[in-house]
Protein chains: 2
Amino acid sequence: MIIALDAMGGDNAPQDIISGAIQALEEIPADVTFKLVGDESLINLELNKHNVDLERFSIIHTTEVVTMDDPPTAAIRGKKNSSIAIAVDMVKKGEADALVSAGNTGASVACCILKLGRLPGISRPAIATVIPAPHGKFVLLDSGANVDSKPEMLNQFSIMGEIYAKVILELDSPRVGLFSNGSEDGKGNEVTKATFKLLKENNYNFIGNVEGTDLFKDKVDVVVCDGFIGNLVLKSCEGIAKGISGMLKENIKKKQVRKVGYALSKGAFDELREKTDSRATGGALLLGVNGIFIKAHGSSDAYALKNALKVAYELTLKEINKKLIAGIEQEA
Amino acid sequence: MIIALDAMGGDNAPQDIISGAIQALEEIPADVTFKLVGDESLINLELNKHNVDLERFSIIHTTEVVTMDDPPTAAIRGKKNSSIAIAVDMVKKGEADALVSAGNTGASVACCILKLGRLPGISRPAIATVIPAPHGKFVLLDSGANVDSKPEMLNQFSIMGEIYAKVILELDSPRVGLFSNGSEDGKGNEVTKATFKLLKENNYNFIGNVEGTDLFKDKVDVVVCDGFIGNLVLKSCEGIAKGISGMLKENIKKKQVRKVGYALSKGAFDELREKTDSRATGGALLLGVNGIFIKAHGSSDAYALKNALKVAYELTLKEINKKLIAGIEQEA
C-alpha cells in the first residue's frame, strides 16, 4: 500500500507533518510506503532531524503551496502544481492508494471531487468526522464540505454515514439521527422536515430527529446535517471545551492548595484528555469521492497527523469505497 | 411594577417556579409584585410550604396548561385559558409589566407575537441568550424563535442584539459578528453571504464573520444567526459541557487519591461552575415584541427561575423596549 502525504498543508507544515509520518512508521505495517509531496529541500531538512531509516519514504518535489487563505478553486485553477493537486493526481493515476492532507479544506475537497470524481450514485461527497463522547464515539456528517445541502443530499449523507460507522466504529447497526432543534418528529427548518420524510422512507436505521443535548448521551451513532451547520457546531464545541479547560487551569493556579489537589487528581484529567482528544482520530474521511482522502485538522501536530495516516491505512485496508458502492447500490 | 409568572410552565412546575418566585422576594425591591398564573390549589400548596409573607403575590386561577409536547399554536387555538395565554393577555392589557415562563418555547413565543404584536419596524422577533465565556459574556441571537431566517431578518436581529448588549452587558460599543463557517469575508451559506453585505452596509459595529472557536475568545459581543442554528449550537455546547464534567467525575471516583485531590482543588471547580452556570442568567428576552417576555429554560430550577425574574425586573426598569424602538428608528 502507498499513502500520499501533502507535506506542505496545515498550520504546522512541514515540521509536524514530517514528524507525524516518522511516528507512523512504527505503527503502520512495513509493507506500507509513503510519498511525501512538497518542497524537497524543506522535507529533507525535516527528515534529517530524525535518526530513522528513510527507505519507506519517497519525495515528490513541488514548490507550489495552497495556503489556508486561498479560495477553494486554488488547487484546480491557479496552483496546478501545488502539493495537494499533485498528491490528488497520484491517487487518480493509481500511484497512491490514499491521501492525507492538513491543508485548506475547501481547496482540497474541491480538488478531490473534480479530479477523482464521485462514487456511483453520489451527487455530493461529505466530510465525516468521528467525535469522542463519554459513551464512546459518534460520526457527524457533513462537517464542512457542503453548505446549503438539499434533502436528497442529506439522504445520501445518511446512507454513507451509516456504512462508514459500520466500518470505522465497528457497529452492526448504527443509529442514524437527523440533527434538528428538537427530537420530536415535526421539528426542524424546511430542509430538515423534508429530509425527515426521505430518511423515514429510505433508511432502516433512522431513529428520528436528535438535538444538541443528545449527541453526547449514547443516543445516536450517525448525526446527519448540512456542512455549514456541522462546521459551526463542531467548532463551537471545540471552543467551549477549550474555554472550560482554560478557566479551570486559571482557577487552579490561584491557590497553592488547589495546585496540590490537582497534582493528586491529575490522572483523572489525563484520562479525560486522552478520551476527548480529537487528535486521537486524526483525520476525517471525505465520503463519496472515488479515492480515499483523509482531511486532517489544519492545526494538526505530529501526533494528530500520525493518527490521520493510520485512519488512511485502516480505511484502505478495509476497502471502504467498495463497501460504500455496495451499500449505495443496495439502497437505490 | 408587576411581573406575571407562568406558574405551570417548565419541567419542574409548579414547585420550582413558586420556590423561585419566593427566592426573588429578597432580591427584587419591595414595590414589585408578582401575579402567579395557574392552578390556584397547586400554587397555594407550594406557597404554603414556605414560611414567608405572601402579600406580594396574587394568584390568577386557571387549570389549563400548555405542555412541552403541544404544538406552537396550542396557546392561541386550543388552550385559550392556559396559564401562558392568560399571562400574555395580562401584559397586553397592562395588568403586568413583564412576563416570565419556563414553558413550551414555540407556544409561548407564538402567543406573545400574536397577542402583543411586534415593535415598529420589526418583522420577526428573536430570542437573545446571554452566554457565559472565560472573558465575560456574549449575546447570541436568534437562539430559537425562527427557523429559515432571511437576510433582512438577520439584519434586524443584529440591530436588536446590539441595543440589547448595550443594556444587558453594559457595553458602549458591542462588537457584532455574523456566525459563519470561517472568519474570512467570503465564507458562509447563501443566506450568510447575503446577510454579510447587509450588515456591512447597515451596522457600524459589525466586525465581520465569526466562527465557533471565536465565541469563547473575547472576539465578539453579539453573535447573529438563524434560530435553528442557534438552537443546535447552544444545545450542543450544553451537551458537551455536561459530557466533560460527567467524564471527569467518573474518572475522579475511580481512585481514593483523586478524591482527596479533588477535595483540595474543589474551589477551582466551584468558581468554574459559578461562572459558567447558565442558570445565573436565568432567562432570555424575546426581542422585538411589544412587551417584555423572558423565556426561562424548560429545565429551570428555583435558582434559575429567580434569576429569570430578576432579568425581567431589570429590563423593565431599564425600559428596554423604548431603547429598542429608538435604536431601530435611528437605523431605519
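Is Ala110(B) buried, partly exposed or exposed? Select Ala110(B) in chain B and keep that question in mind while the ground rules are set out. This is a predicted model, in which local features need pLDDT of at least 70 and side-chain atom pairs count only at pLDDT 80 or more, whereas totals for chains, interfaces and linings use all residues. Residues are numbered from 1 along each chain as its sequence is written, chains are lettered from A and ligands numbered from 1 in the order in which they are written, and side-chain values use heavy atoms, with hydrogens and water left out.

**Stop one: Ala110(B)**

Ala110(B) is part of helix α4 of chain B, residues 105–116; helices here are DSSP runs of H or I with at least four residues, strands are runs of E with at least two, and both are numbered from the N terminus. With a relative accessible area of 22%, Ala110(B) is partly exposed, because buried means under 20% relative accessible area, exposed means over 50%, and partly exposed lies in between (1.4 Å probe, protein chains only). Leaving aside neighbours within four places in sequence, the residues in contact with Ala110(B) are Pro72(B) and Ile76(B), where contact means heavy atoms within 4.5 Å.

Next, select the strands of chain B, where eleven strands form an open sheet in the order β3-β2-β1-β4-β11-β10-β5-β6-β9-β7-β8 with mixed pairing; two strands pair if DSSP finds at least two bridges between them. At the edges are β3 (57–61) and β8 (206–210) of chain B, each of which pairs on one side only. Direction ignored, neighbouring strands of this sheet are turned by 25° against each other on average. Within the sheet, β1 (residues 2–6) and β2 (residues 33–38) of chain B pair in the parallel sense over five bridges, and Ile2(B) stands opposite Thr33(B) in β2(B). Helix α1 (residues 15–27) of chain B packs on the sheet and touches β1, β2 and β3 of chain B, its direction making about 175° with that of β2(B); such angles run from 0 to 180 degrees between N-to-C directions, and the axes are lines fitted to C-alpha atoms, for helices over the stretch in contact.

Move to the loop between β1 and α1 of chain B, which holds Pro14(B). The peptide bond from Ala13(B) to Pro14(B) is cis, with omega near -5°. Pro14(B) is also among the residues touched by Glu46(B), together with Gln15(B) and Ile18(B), not counting residues up to four places away in sequence. Glu46(B) belongs to helix α2 (residues 40–47) of chain B, and at 6% relative accessibility Glu46(B) counts as buried.

**Stop four: backbone exceptions**

Most residues other than glycine have a negative phi, and most peptide bonds are trans. Select Glu170(B), which is not a glycine and yet has a positive phi of about 55°; Glu170(B) sits in the loop between α5 (151–168) and β7 (176–179) of chain B, and at 60% relative accessibility it counts as exposed. Glu319(B) likewise has a positive phi, of about 50°, and is found in the loop between α9 (302–317) and α10 (320–331) of chain B.

**Stop five: the two α8 helices**

Finally, show helix α8 of both chains. In chain B, α8 (residues 256–276) has a kink of about 60° centred on Ser265(B), the bend at a residue being the angle between axes fitted to the seven residues ending there and the seven starting there. Ser265(B) is also one of the buried residues of α8(B), which include Gly261(B) and Phe269(B). The cover over these buried residues includes α7 (227–253) and α8 (256–276) of chain A, together with α7 (227–253) of chain B.

How do α8(A) and α8(B) cross, and at what angle? Their axes come within 7 Å and cross at roughly 110°, so α8(A) and α8(B) are roughly perpendicular to each other (65 to 115 degrees; under 35 counts as roughly parallel, over 145 as roughly antiparallel and the rest as oblique). Residues that make the contact include Tyr262(A) and Ser265(A) of α8(A) and Tyr262(B) and Ser265(B) of α8(B).
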